[in-house]
Amino acid sequence: MTTIEDKMNLFTRIIHDKVNEEKKERLAAFSLDAEKKMNVEKEKIEELKKNLQRDIKKKANIKANGIVAKEKLNKQREMLFLKDKLIKDALECERERLIEFVKSLEYKMYFISTLKKTLNEIDKGHYYIFLVKRDYEKFQSEILGLLREYPDHNVEMKISKEDFIGGHILKDYDGKFRIDNSMYSVLEESKEIIGVKVMEMLD
């Protein structure tokens with residue numbers, strides 16, 4: 001015969017089992033929900049890490065490119081400075097060489113031959129020949145003798161205010177025509193050649 005106590009124990013066990021079952025279900029649901037939330041957060045963290053890595057990589061690349069560009073610019077500046085210095089030094093050497101040349105015995109032959117070549121190239125007319133004072137004083141008699149060979153050329157000698165080292169510059173009476181056979185023009189022509197050679201050296 002079932003007593004009240006037995007019924008109470010049975011009821012208590014049923015309630016206990018039901019509570020345990022509900023507790024398990026809730027714990028399982030909670031664990032599943034927590035796991036989902038945790039996975040979502042993990043995905044967010046992973047995405048954040050990837051974005052952060054991309055940003056770091058991008059910033060690093062920008063910085064690296066900036067450093068490379070700066071180094072290239074510095075190198076270009078150094079090369080430009082070196083080029084200018086080499087050209088300047090080479091031109092100074094050439095200028096000194098020309099100064100020494102106009103003091104030599106060979107210069108007199110060069111001076112007369114270039115002047116004769118200029119007189120052969122021009123038509124009859126009125127011209128000025130500009131000379132540096134040194135050449136005018138040294139070669140005046142030779143120049144006058146040469147000019148007598150060209151009676152149809154009315155040529156006047158003038159001392160140049162500009163020291164162009166040596167040689168001569170011929171201009172017509174109206175100043176429209178000019179032949180520059182000065183040592184300065186030789187120096188200017190050398191400048192272009194020297195510039196090309198320096199660039200070849202630096203390439």
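Me: In which loop does Ser160 lie?
Reply: This is a predicted model. In it, Ser160 sits in the loop between β2 (153-159) and β3 (167-172).

Me: Is Ser160 buried or exposed, and why?
Reply: A residue counts as buried when its relative accessible area is under 20%. Ser160 has 18%, so it is buried.

Me: What does the side chain of Ser160 reach, and at what distance?
Reply: The side chain reaches the backbone oxygen of Glu162 at 2.9 Å. Leaving aside neighbours within four places in sequence, Ser160 is also in contact with Phe130 and Leu131.

Me: Which residue of β2 stands opposite Leu131?
Reply: Leu131 has Ile159 opposite it in β2. The chain goes from β1 to β2 by way of α3, and this β-α-β crossover is right-handed.

Me: How many bridges join β1 to β2, and do the strands run parallel or antiparallel?
Reply: There are seven bridges between β1 and β2, and the two strands run parallel. As a general idea, side chains in a regular strand alternate between the two faces of the sheet.

Me: Which residues have the most contacts inside the largest nonpolar core?
Reply: They are Phe111, Leu115, Leu119 and Ile143, in a core of 25 residues. At least two residues of this core come from each of α1 (4-101), α2 (105-121), β1 (125-131), α3 (133-147) and α4 (183-202). Another core, of five residues, lies apart from it; Tyr128, Val132, Phe164 and Ile169 are among them.

Me: What is Phe111 in contact with, leaving aside its neighbours within four places in sequence?
Reply: Phe111 is in contact with Leu131, Asp135, Phe139, Ile143 and Gly167.

Terms used:
Residues numbered from 1 in each chain as written. Predicted model: local features only at pLDDT ≥ 70, side-chain atom pairs only at ≥ 80, totals over all residues. Heavy atoms only, no water. Core = buried A, V, L, I, M, F, W, Y, C linked by side-chain atoms within 4.5 Å. Buried < 20%, exposed > 50% of the residue type's maximum accessible area, 1.4 Å probe, protein only. Helix = DSSP H or I, 4+ residues; strand = E, 2+ residues; numbered from the N terminus. Contact = heavy atoms within 4.5 Å. Polar contact = N/O pair within 3.5 Å; in protein donor to acceptor, adjacent residues only side chain to side chain. Pairing = 2+ DSSP bridges. Right-handed = clockwise from strand over helix to strand, strands pointing away.
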